[in-house]
Amino acid sequence: MKIRDALSLIDLRLPSGDLAARQLAACHSIEDLERLARRRLPRSVLDYVNGGADHELSLAQNTDAIRRWSFTPQVLTDVAQTSTATSILGHPAAAPFGFAPTGYTRMISPLGEKAVAAAAGRAGIPYALSTMATTSLEDLAARDAGRTDLWFQLYIWRDRRLTQQLIARASDSGYRVLEVAVDTAVSGLRLRDARNGFTIPPKLTLASVLDIGTKPKYWTGMLRSPSMEFANVSAADGPDGGYTIENITKQFDPSVQWSDLEDIRSRWDGKLVLKGPIGPADALRAADLGVDALHLSNHGGRQLDRSIAPIDLVAPVRQAVGDDLGIVVDSGFRHGADIATAIALGADAAFVGRPYLWGLVAGGHAGLDTTARLFMDGLRRTMQLLGVRDVAELRRRGPELLSTHEARTGLFSDTPYTSVEETL
């Protein structure tokens, strides 16, 4: 190669745009977004987002369980027109995934739940608001103005009057889906939060004051924002006139039973979802009570440590309930290929939580859009490389597309290869 030709390959133009935009543009994976978020959040807030319960075994196993599945693609298939469009609980969606409920989102970023809902609307996917949100049901619905498929995650309170009020408010505000969380009889022991003395809003302790020097942008953003509160419960309803992060989870009721679900079903006319680590037997009982769908979840590893990875519940629960009951799953999803795995195992959709929080921190509105795009692009690319044209085909052909290392090597079988159907 001549020197003149070599010089023509060198691009000496200065980078365009501001630093934040360039950093976001350099994020090509969900892990890249997490790395950028790590640089911007104080230690205690980052630990709240990334931490799990006790020894964090479920936290680690959730993603590992998804990734133990391998693909066997069908080659020489026309996938030029592959589509990720689908329907989630009777509502059209641009892809089979959604943004899961997360608490205290305005503590992660002042943009909070409203920005997340808006991004979900732009992406054409559902968003579930948590009871523990820092934006009220009514506020979010009014701001969204019907652009997003809104769900509401309900915790059952000791004060059943408050539970009933939340159900009525969600209905009056136009939320389409109510999902009842049943894995919080008591709060899991999140050791990172306990050791950090975590509070909402974050307190300026000696440790956090020292952290200000390294994360000034976060703290100035918090100080300039409206005061933070548990927006879906009144301070007057709480102990001693108000709720704090220390006492609010103590209002969850450990005496909740199936009769409570029956009562909720009688009060809610929309789609009703049961959310938690639900096995086949409980899934059948829920279906008998009129539940429309199951949200298989171990709370992202934040409740019962050593709880089964939700991805491992998908196939047995689908086999138990048949095709009529909806199944969505969360916990550990980091790539579009993970979503493809869930669909191939029998789920209707996968939900993500931490990834969009990382995107929110990494780039605000643009970071949320990047999160949705990374999942959608990864899913579409995986489908094309698998040789499937749409979500229905991915679901239908799942058993021939998936296998595990154990099945392929015959560790648990007398045959050299076992399909996902035979494995489960």
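Reply: Leu89 is buried, with a relative accessible area of 13%, where buried means under 20% relative accessible area, exposed means over 50% and partly exposed lies in between, using a 1.4 Å probe and protein chains only. The model is a predicted one, in which local features need pLDDT of at least 70 and side-chain atom pairs count only at pLDDT 80 or more, while totals for chains, interfaces and linings use all residues. Residues are numbered from 1 along each chain as its sequence is written, and side-chain values use heavy atoms, with hydrogens and water left out.

Leu89 is found in the loop between strand S2 (86–88) and strand S3 (91–93); helices (H or I, at least four residues) and strands (E, at least two) are DSSP runs, numbered from the N terminus. Although Leu89 is not a glycine, it has a positive phi of about 55°. His299 is found in the loop between strand S9 (293–296) and helix H16, and with a relative accessible area of 15%, His299 is buried. For the setting of both residues, the chain has 22 helices and twelve strands, and buried residues make up 55% of its 424 residues.

Helix H16 (residues 311–321) also has a partner, helix H15 (residues 280–288), and their axes come within 9 Å and cross at roughly 40°. Axes are lines fitted to C-alpha atoms, for helices over the stretch in contact, and the angles run from 0 to 180 degrees between N-to-C directions. H15 and H16 are therefore oblique to each other, as angles under 35 degrees count as roughly parallel, over 145 as roughly antiparallel, 65 to 115 as roughly perpendicular and the rest as oblique. Pro280, Ala283 and Leu284 in H15 meet Pro316, Val317, Ala320 and Val321 in H16, where contact means heavy atoms within 4.5 Å.

The aromatic rings give another view. The structure holds ten aromatic pairs; rings of Phe, Tyr and Trp (its six-membered ring) pair if their centres lie within 6.5 Å, and planes under 30 degrees apart count as stacked, over 60 as edge-to-face and the rest as tilted. The ring centres of Phe97 and Phe99 are 6.4 Å apart and the planes are at 70°, so this pair is edge-to-face. Phe97 and Phe99 are both buried, and together with Tyr127, Tyr356 and Phe375 they form one aromatic cluster. Another edge-to-face pair is formed by Trp157 and Phe252, at 6.0 Å centre to centre and with 80° between the planes. Trp157 lies in the loop between strand S6 (150–154) and helix H9 (160–172), and Phe252 in the loop between helix H13 (245–248) and helix H14 (258–267), so the pair ties together parts that are 95 residues apart in sequence. Trp157 counts as buried at 1% relative accessibility, and Phe252 counts as buried at 5%.

Lys114, in helix H7 (residues 112–123), counts as partly exposed at 25% relative accessibility. Leaving aside residues up to four places away in sequence, Lys114 touches Thr135, Asp139, Leu140 and Arg143. The C-alpha atoms of Lys114 and Thr135 are separated by 7.5 Å, although the two residues are 21 residues apart along the chain.
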